[in-house]
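Colleague: Thanks for making time to go through this model with me. Could you put it up on the screen?

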Amino acid sequence: MELKLNIYEKKNIVKTYTVETYDLMFGTVEDLLNVIDIDNIQAGDKTELVKAIAKILAHSLDIVKPFLKDVFEGLTDDELRNTKLKEIIDVIANIITYSINQITKGNNGKN
(Lines give C-alpha, C1' and ligand atoms only; values in the text may rest on other atoms or scores of the structure.)
Protein backbone atom coordinates (compact mmCIF):
# COMPACT_ATOMS: atom_id res chain seq x y z
CA MET A 1 0.00 0.00 0.00
CA GLU A 2 1.62 3.22 -1.14
CA LEU A 3 0.73 6.41 0.73
CA LYS A 4 1.37 9.76 -0.91
CA LEU A 5 0.96 13.32 0.33
CA ASN A 6 1.58 16.32 -1.92
CA ILE A 7 2.68 19.73 -0.69
CA TYR A 8 1.44 22.65 -2.76
CA GLU A 9 2.48 26.20 -3.47
CA LYS A 10 -0.59 27.84 -4.92
CA LYS A 11 -1.81 25.09 -7.29
CA ASN A 12 1.57 23.56 -8.05
CA ILE A 13 3.00 20.50 -6.33
CA VAL A 14 6.35 21.49 -4.83
CA LYS A 15 7.06 18.33 -2.83
CA THR A 16 5.67 14.83 -2.47
CA TYR A 17 6.05 12.53 0.51
CA THR A 18 5.69 8.83 -0.24
CA VAL A 19 5.80 5.77 2.01
CA GLU A 20 5.16 2.15 1.09
CA THR A 21 3.16 1.26 4.19
CA TYR A 22 2.41 2.37 7.70
CA ASP A 23 1.61 0.21 10.69
CA LEU A 24 -0.60 1.80 13.31
CA MET A 25 0.81 1.76 16.81
CA PHE A 26 -1.53 0.74 19.61
CA GLY A 27 -1.44 4.23 21.15
CA THR A 28 -2.53 5.74 17.84
CA VAL A 29 -5.35 3.21 17.57
CA GLU A 30 -6.42 4.11 21.10
CA ASP A 31 -6.44 7.82 20.24
CA LEU A 32 -8.41 7.23 17.05
CA LEU A 33 -10.98 5.00 18.75
CA ASN A 34 -11.62 7.75 21.30
CA VAL A 35 -12.88 10.02 18.50
CA ILE A 36 -14.27 7.55 15.92
CA ASP A 37 -17.53 5.70 16.41
CA ILE A 38 -16.14 2.52 14.87
CA ASP A 39 -19.42 0.63 15.38
CA ASN A 40 -21.15 2.87 12.83
CA ILE A 41 -18.60 2.25 10.10
CA GLN A 42 -19.63 -0.61 7.85
CA ALA A 43 -16.82 -2.72 6.45
CA GLY A 44 -15.92 -1.32 3.06
CA ASP A 45 -18.20 1.73 3.43
CA LYS A 46 -15.88 4.55 2.42
CA THR A 47 -18.58 7.22 2.92
CA GLU A 48 -18.93 6.37 6.61
CA LEU A 49 -15.17 6.21 6.99
CA VAL A 50 -14.76 9.65 5.41
CA LYS A 51 -17.39 11.04 7.80
CA ALA A 52 -15.50 9.56 10.74
CA ILE A 53 -12.22 11.04 9.50
CA ALA A 54 -13.88 14.44 9.04
CA LYS A 55 -14.92 14.23 12.69
CA ILE A 56 -11.32 13.52 13.67
CA LEU A 57 -10.09 16.47 11.63
CA ALA A 58 -12.73 18.79 13.06
CA HIS A 59 -12.15 17.91 16.70
CA SER A 60 -8.75 16.29 17.09
CA LEU A 61 -6.00 18.05 15.17
CA ASP A 62 -3.78 17.33 18.17
CA ILE A 63 -3.97 13.67 17.09
CA VAL A 64 -3.91 14.15 13.32
CA LYS A 65 -0.83 16.36 12.98
CA PRO A 66 1.56 14.10 14.93
CA PHE A 67 0.02 11.07 13.22
CA LEU A 68 0.74 12.46 9.74
CA LYS A 69 4.22 13.58 10.80
CA ASP A 70 4.88 10.04 12.00
CA VAL A 71 3.68 8.55 8.72
CA PHE A 72 5.66 10.97 6.55
CA GLU A 73 9.06 11.44 8.15
CA GLY A 74 10.28 15.03 7.82
CA LEU A 75 6.82 16.53 7.25
CA THR A 76 6.49 19.94 8.92
CA ASP A 77 3.55 21.95 10.24
CA ASP A 78 4.09 24.51 7.48
CA GLU A 79 3.95 21.80 4.84
CA LEU A 80 0.75 20.41 6.37
CA ARG A 81 -0.83 23.83 5.95
CA ASN A 82 -0.13 23.52 2.22
CA THR A 83 -1.70 20.11 1.73
CA LYS A 84 -5.13 19.44 0.27
CA LEU A 85 -7.70 18.21 2.78
CA LYS A 86 -8.85 15.52 0.35
CA GLU A 87 -5.35 14.05 0.25
CA ILE A 88 -5.10 13.99 4.05
CA ILE A 89 -8.47 12.24 4.27
CA ASP A 90 -7.38 9.72 1.62
CA VAL A 91 -4.16 8.93 3.50
CA ILE A 92 -5.97 8.42 6.81
CA ALA A 93 -8.74 6.35 5.16
CA ASN A 94 -6.18 4.13 3.44
CA ILE A 95 -4.26 3.56 6.67
CA ILE A 96 -7.40 2.76 8.66
CA THR A 97 -8.77 0.45 5.95
CA TYR A 98 -5.45 -1.34 5.59
CA SER A 99 -5.12 -1.73 9.36
CA ILE A 100 -8.65 -3.10 9.75
CA ASN A 101 -8.00 -5.56 6.92
CA GLN A 102 -4.76 -6.68 8.58
CA ILE A 103 -6.50 -7.15 11.94
CA THR A 104 -9.36 -9.15 10.44
CA LYS A 105 -7.20 -11.08 7.97
CA GLY A 106 -7.72 -14.76 8.52
CA ASN A 107 -10.68 -14.15 10.82
CA ASN A 108 -13.46 -15.74 8.80
CA GLY A 109 -15.81 -16.14 11.74
CA LYS A 110 -15.22 -19.87 12.17
CA ASN A 111 -13.96 -21.26 15.46
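Colleague: Is Pro66 buried, partly exposed or exposed?
Modeller: Happy to start there: this is a predicted model, in which local features need pLDDT of at least 70, side-chain atom pairs count only at pLDDT 80 or more, and totals for chains, interfaces and linings use all residues. Residues are numbered from 1 along each chain as its sequence is written, and side-chain values use heavy atoms, with hydrogens and water left out. Buried means under 20% relative accessible area, exposed over 50%, and partly exposed in between (1.4 Å probe, protein chains only). Pro66 has a relative accessibility of 45%, so Pro66 is partly exposed.

Colleague: In which helix does Pro66 lie, and how far apart in space are Pro66 and Asp77?
Modeller: Helices (H or I, at least four residues) and strands (E, at least two) are DSSP runs, numbered from the N terminus. Pro66 belongs to helix α3, residues 61-71. Asp77 is eleven residues from Pro66 in sequence, and their C-alpha atoms are separated by 9.4 Å.

Colleague: What pattern does the protein chain follow along the sequence?
Modeller: The chain has two strands and five helices. Read along the sequence, the order is β-β-α-α-α-α-α.

Colleague: How do β1 and β2 pair?
Modeller: Two strands pair if DSSP finds at least two bridges between them. Strand β2 covers residues 12-19, and seven bridges link it to β1. Leu3 stands opposite Val19, while Glu9 has Asn12 as its bridge partner. The sense of the pairing is antiparallel.

Colleague: Which residue in the hairpin of β1 and β2 takes a positive phi?
Modeller: Two residues sit between the strands of this hairpin. The positive phi, near 60 degrees, belongs to Lys10.

Colleague: How many of the residues of β1 are buried?
Modeller: Asn6, in β1 (residues 3-9), counts as buried because its relative accessibility is 8%. The strand is largely enclosed by the rest of the structure, since the buried residues of β1 number five of the seven.

Colleague: With which side chain does the side chain of Asn6 make a polar contact?
Modeller: Contact means heavy atoms within 4.5 Å. Leaving aside neighbours within four places in sequence, Asn6 touches Ile13, Lys15, Thr16, Asn82, Thr83 and Glu87. A polar contact is a pair of N or O atoms within 3.5 Å; within protein, one must be able to donate a hydrogen and the other to accept it, and residues adjacent in sequence count only if both atoms are side-chain atoms. At 2.7 Å, the partner of the Asn6 side chain is that of Thr16.

Colleague: Last one: how far apart in space are Ser99 and Asp23?
Modeller: Ser99 is in helix α5, residues 85-104, and is buried because its relative accessible area is 12%. Although Asp23 is 76 residues away in sequence, the C-alpha to C-alpha distance between Ser99 and Asp23 is 7.1 Å.
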